[in-house]
Amino acid sequence: FSENKFIERIKSGVKIHTIREDKTNRWKPGMKIHFWKNNPRNINKNPYQFGEGEVVVINQITLNFKSDYIYHHRLYKWTESLNEYAVNDGFDSWEEMVNWFNVDVFEGKLIYWNNFKSI
């Protein structure tokens with residue numbers, strides 16, 4: 001996570017999931033998820049681990065930023081649902097999430113965790 005607000009929102013329980021590309025199906029329920037400030041493989045950015053949790057649910061997700069919809073089990077298109085997804089992922093709004101991803105369509109995994117512990 002590259003911004004302090006994501007760290008604060010994970011620790012406070014506001015950010016309850018993350019959306020990741022997962023081409024190799026790496027993520028599985030029951031495995032540990034380690035929370036890092038910056039990329040742990042880039043020592044020039046001074047990375048540090050601030051917590052860990054356990055992956056509990058993983059779902060396919062499609063974010064269509066061009067047409068403003070999310071497909072995750074069912075279609076979400078109305079503004080309140082889009083903003084709720086964005087907030088649950090650590091953003092202030094759907095608009096901020098659109099600008100962050102900066103693509104028309106993103107397909108990946110929606111990863112929920114529990115048992116967060118600060119390190």
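**Figure 1. Asp 89 counts as buried because its relative accessibility is 4%.** Buried means under 20% relative accessible area, exposed over 50%, and partly exposed in between, with a 1.4 Å probe and protein chains only. The model shown is predicted: local features need pLDDT of at least 70, side-chain atom pairs count only at pLDDT 80 or more, and totals for chains, interfaces and linings use all residues. Residues are numbered from 1 along each chain as its sequence is written, and side-chain values use heavy atoms, with hydrogens and water left out. Asp 89 lies in the loop between α2 and α3. Apart from neighbours within four places in sequence, Asp 89 is in contact (heavy atoms within 4.5 Å) with Phe 6, Lys 15, His 17, Thr 18, Ile 19 and Met 97.

**Figure 2. Ser 93 is found in the loop between α2 (79-88) and α3 (94-101).** Helices (H or I, at least four residues) and strands (E, at least two) are DSSP runs, numbered from the N terminus. Ser 93 counts as partly exposed because its relative accessibility is 22%. When residues up to four places away in sequence are not counted, Ser 93 touches Asn 83 and Ala 86. A polar atom of the Ser 93 side chain lies 3.2 Å from the backbone nitrogen of Glu 96. Thr 79 is 14 residues from Ser 93 along the chain, and their C-alpha atoms are separated by 9.7 Å.

**Figure 3. Strand β6 (residues 105-118) runs antiparallel to strand β1 (residues 17-20), to which 4 bridges join it.** Two strands pair if DSSP finds at least two bridges between them. Arg 20 stands opposite Lys 109 in β6. Strand β3 (residues 48-64) also pairs with β6 in the antiparallel sense, over 12 bridges. Within that strand β6, Asn 114 is the bridge partner of Glu 54.

**Figure 4. The largest pocket has a volume of about 730 Å³.** Of the 26 residues that line the largest pocket, Phe 1, Thr 18, Arg 20, Trp 27 and Arg 41 are the closest to its centre. β1, β2 (32-37) and α3 are the elements that give two or more residues to this lining. The largest share, 4 residues, comes from β2. By class, the lining has 12 nonpolar, 6 polar and 8 charged residues. A pocket is an open set of points on a 1 Å grid over the protein atoms alone where a 1.4 Å probe fits, with protein on both sides within 12 Å along at least five of seven lines; lining residues have an atom within 4 Å of a point. The volume is the space filled by probe spheres set on the points, which are joined across faces, edges and corners. Ala, Val, Leu, Ile, Met, Phe, Trp, Tyr, Cys and Pro count as nonpolar, Asp, Glu, Lys and Arg as charged, and the others, Gly among them, as polar.

Technical notes. A polar contact is a pair of N or O atoms within 3.5 Å; within protein, one must be able to donate a hydrogen and the other to accept it, and residues adjacent in sequence count only if both atoms are side-chain atoms.
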